[in-house]
Amino acid sequence: MKKFKVEVKWGITFVIAQLIWIAFEKVMGWHDEHINVQGVYSLFFAVIAFLIYYAALKEKRDKYFTNEDFGWQQGFMSGVILTGVITILTPLIQYFAITVISPNYLQNMIAFSEQQGMTVENAETMHSTKMYLFMQIFNALAMGIVTGAIVALITKKKEK
């Protein structure tokens, strides 16, 4: 476990930042009266996610690879482990988000989708708790691996 201390620390930091972001979205009205902009504005969290991945991989490089190379492979593996931590925690925080922070979010998404022309059945299927959690897990995994790969390129170092 000590071997992955950096990834666990930054994974927990990530999910705390995500919860704060979700609360921010709720306060901004992006889960109800301004739900039409939520999809676009939520993309700004990608900047925060990138910065957290950067901080994690930089810490890993600077703490544990001081006298050796920290190539793309080492950075990518650290990013994959960080993504694993985040992905494991994702269902818990997302369930908390839709039951405590914004309990009407999925119903509001269903109503918005219907306004956009989606059938009631499709909207209810698309925005069910099960589908929402599945999509959040998939997004955490997919986006985490891509982000880890990119940040690994930025944080790699070769000793001379």
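On a 1 Å grid over the protein atoms alone, a pocket is an open set of points where a 1.4 Å probe fits, with protein on both sides within 12 Å along at least five of seven lines, and lining residues have an atom within 4 Å of a point. Grid points are joined across faces, edges and corners, and a volume is the space filled by probe spheres set on the points. The structure is a predicted model, in which local features need pLDDT of at least 70 and side-chain atom pairs count only at pLDDT 80 or more, while totals for chains, interfaces and linings use all residues. Residues are numbered from 1 along each chain as its sequence is written, and side-chain values use heavy atoms, with hydrogens and water left out.

With the ground rules in place, the overall fold comes next. The protein has 7 helices and 0 strands, where helices (H or I, at least four residues) and strands (E, at least two) are DSSP runs numbered from the N terminus. Along the sequence the pattern reads α-α-α-α-α-α-α. Taken along the principal axes, the C-alpha atoms fill a box of roughly 60 × 25 × 25 Å. Of the 160 residues, 39% are buried (under 20% relative accessible area, with exposed over 50% and partly exposed in between, for a 1.4 Å probe and protein chains only). Among contacts (heavy atoms within 4.5 Å) with a separation of 6 or more, 76% join residues 24 or more positions apart.

The largest pocket holds about 1200 Å³ of space. It is lined by 41 residues, and the closest to its centre are Gln38, Ser42, Leu43, Gln136 and Asn139. Two or more lining residues come from each of helix 1 (5–27), helix 2 (38–41), helix 3 (45–64), helix 4 (72–101), helix 5 (105–115) and helix 7 (129–155). Helix 7 supplies the largest share, 10 residues. By class, the lining of the largest pocket has 25 nonpolar, 15 polar and 1 charged residues; here Ala, Val, Leu, Ile, Met, Phe, Trp, Tyr, Cys and Pro count as nonpolar, Asp, Glu, Lys and Arg as charged, and the others, Gly among them, as polar.

The second largest pocket has a volume of about 160 Å³. Its lining includes Lys3, Phe4, Glu7, Lys60, Tyr64 and Phe65. Helix 3 and helix 4 each give two or more residues to this lining, and the largest share, 4 residues, comes from helix 4. The lining of the second largest pocket divides into 6 nonpolar, 2 polar and 3 charged residues. One of its members, Tyr64, lies in helix 3 and counts as partly exposed because its relative accessibility is 36%. Leaving aside residues up to four places away in sequence, Tyr64 touches Lys5, Val6 and Glu59.

Helix 4 also packs against helix 1, at an angle of about 30° and with the axes 8 Å apart (axes are lines fitted to C-alpha atoms over the stretch in contact, and angles run from 0 to 180 degrees between N-to-C directions). The contact of helix 1 with helix 4 has 17 nonpolar, 4 polar and 2 charged residues.

Finally, Ile35 sits in the loop between helix 1 and helix 2. Ile35 counts as buried because its relative accessibility is 9%. Its C-alpha atom is separated by 7.4 Å from that of Phe112, 77 residues apart along the chain. Residues up to four places away in sequence not counted, Ile35 touches Gly29, Trp30, Tyr105, Asn108, Met109 and Phe112.
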